[in-house]
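Here's a quick briefing to keep beside you while you look through the model. Have a look at the sequence and structure first, then come back for the notes.

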Amino acid sequence: MERFVIQGQNKRSCVNDAPTRSPCKMMKPDRHTRGELEEEEEEDEATASGEFSNPVPWEKIEAEGLDCDYALLFSKEEADQLFKKLEEEVVYASGEESKVHVFGKLHNIPRKQATYGDAGLTYTYSGVARLACPWTPTLEYLRNVVTNTTGQSFNFVLVNRYKDGRDHMGEHRDDEKELDPLSPIASVSLGAARDFIFRHRDARGKQSRRRRIDPVKLELAPGSLLLMNPPTNTFWYHSLPVRKKVLLPRINLTFRRIQLGCKN
């Protein structure tokens with residue numbers, strides 16, 4: 001039985017400007033001492049009064065080996081504006097680049113995909129290596145907001161576009177060796193709300209050793225941020241299942257940190 005955790009709440013052309021919004025307070029710093037944080041807070045107060053007056057309210061999602069944080073990062077209006085900007089900017093893969101290897105055969109991806117990031121980065125998944133395109137203005141803006149919100153740095157983003165509820169993503173783990181194992185994966189959702197399901201690796205299939213570990217089901221709202229912290233992708237698979245009643249499109253961005261110099 002699924003354990004329902006959160007219910008949703010309410011091409012190469014460049015954009016002229018990114019959506020305006022007040023910065024979010026850094027909630028989960030990863031490499032700062034208490035003294036450094038206090039010093040930064042004093043500087044912030046002196047240079048930008050009220051800049052961090054609206055911190056993001058995180059909701060913790062935990063299970064055995066699962067550690068996630070969830071928050072609404074953008075308002076509905078901001079999320080809609082960002083969606084429109086990405087529709088203008090993002091160029092999705094086509095032809096052979098839009099296929100993946102499954103059991104030695106090439107298959108069409110049931111959604112559109114694109115990869116962006118720092119110069120020279122590549123990411124290999126499902127047997128296919130993807131080269132990062134240069135950041136677009138809106139993708140760079142989103143990366144900076146996510147960085148300021150989480151205290152984590154990211155150098156790559158995988159963009160998935162689902163035209164409606166028939167487009168989907170099967171169960172998988174983001175555990176490729178070029179990903180920094182100490183870095184979380186930050187997932188931003190825009191457009192239609194969709195169900196997102198975690199399933200423990202030992203509770204999959206008819207021969208599963210631990211069937212009593214319930215799946216964890218979320219509904220990812222537009223404008224939301226899901227932070228998948230280690231060791232989540234070691235123990236839990238995740239998927240975006242078919243939902244035929246969903247008629248509107250969705251764009252999902254998963255910001256990642258790729259290790260420089262990692263050999264595929």
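This is a predicted model: local features need pLDDT of at least 70, side-chain atom pairs count only at pLDDT 80 or more; totals for chains, interfaces and linings use all residues.

Start with strand β15, which is covered on both faces: W236, H238 and L240 are buried on one side, Y237 and S239 on the other.

- The protein chain averages a pLDDT of 80, and 69% of the residues score at least 70.
- Residues 8-17 fall below 50 in pLDDT, and that stretch makes 23 contacts beyond its near neighbours in sequence.
- Residues 22-38 are below 50 as well, with 39 contacts beyond near neighbours in sequence.

**Strand β15 and its partners**
- All of β15 (residues 236-240) is tucked away: five of its five residues are buried, so the rest of the structure largely encloses it.
- β15 runs antiparallel to β10 (residues 169-172), and two bridges join them; here M169 has L240 as its bridge partner.
- β15 also pairs with β12 (residues 194-200), again in the antiparallel sense, over four bridges. In β15, Y237 stands opposite R199.

**The seven-stranded sheet**
- An open, antiparallel sheet is built from seven strands in the order β2-β3-β14-β11-β16-β9-β6.
- At the edges sit β2 (59-63) and β6 (112-117), each pairing on one side only.
- From one strand to the next, the twist averages 20°.
- β2 and β3 (residues 66-72) run antiparallel and are joined by five bridges, with E62 partnered by D67 in β3.
- A network of salt bridges links K60, D67 and D69.

**Helix α3**
- Helix α3 (residues 137-150) lies across β6, β9 (156-162), β11 (185-191), β14 (224-229) and β16 (250-256), at about 60° to β16.
- Its 14 residues span 20 Å from first C-alpha to last, close to the 20 Å expected at 1.5 Å a residue.
- Among the buried residues of α3 are L139, Y141, L142, V145 and V146, along with R143.
- The cover over the buried α3 residues includes α2 (76-89) as well as β6, β9, β11, β14 and β16.
- Just after α3 comes G151, with a positive phi of about 80°.

**Salt bridges**
- The model has 14 salt bridges in total.
- R204 and E171 meet through their side chains at 2.8 Å, N to O. R204 is in the loop between β12 and β13 (216-220) and E171 is in β10, so the pair ties together parts 33 residues apart in sequence.
- R204 is partly exposed at 30% relative accessible area, and E171 is partly exposed at 30%.
- R257 and D180 form a salt bridge at 3.3 Å, N to O. This one links the segment after β16 to the loop between β10 and β11, 77 residues apart.
- R257 is buried, with a relative accessible area of 11%, and D180 is buried at 17%.
- D195 and K217 pair at 3.6 Å, N to O. D195 belongs to β12 and K217 to β13, so this contact ties together parts 22 residues apart in sequence. Both D195 and K217 are buried.

- What does S183 touch, leaving aside neighbours within four places in sequence? The contacts are F154, P230 and R257.
- S183 is in the loop between β10 and β11, and is buried with a relative accessible area of 8%.

How values were computed: Residues are numbered from 1 along each chain as its sequence is written. Side-chain values use heavy atoms; hydrogens and water are left out. Buried means under 20% relative accessible area, exposed over 50%, partly exposed in between (1.4 Å probe, protein chains only). Two strands pair if DSSP finds at least two bridges between them. pLDDT is the predictor's confidence in each residue, from 0 to 100. Contact means heavy atoms within 4.5 Å. Axes are lines fitted to C-alpha atoms, for helices over the stretch in contact, and angles run from 0 to 180 degrees between N-to-C directions. The expected span of a helix is 1.5 Å times one less than its number of residues. A salt bridge is a side-chain nitrogen of Lys or Arg within 4 Å of a carboxyl oxygen of Asp or Glu.
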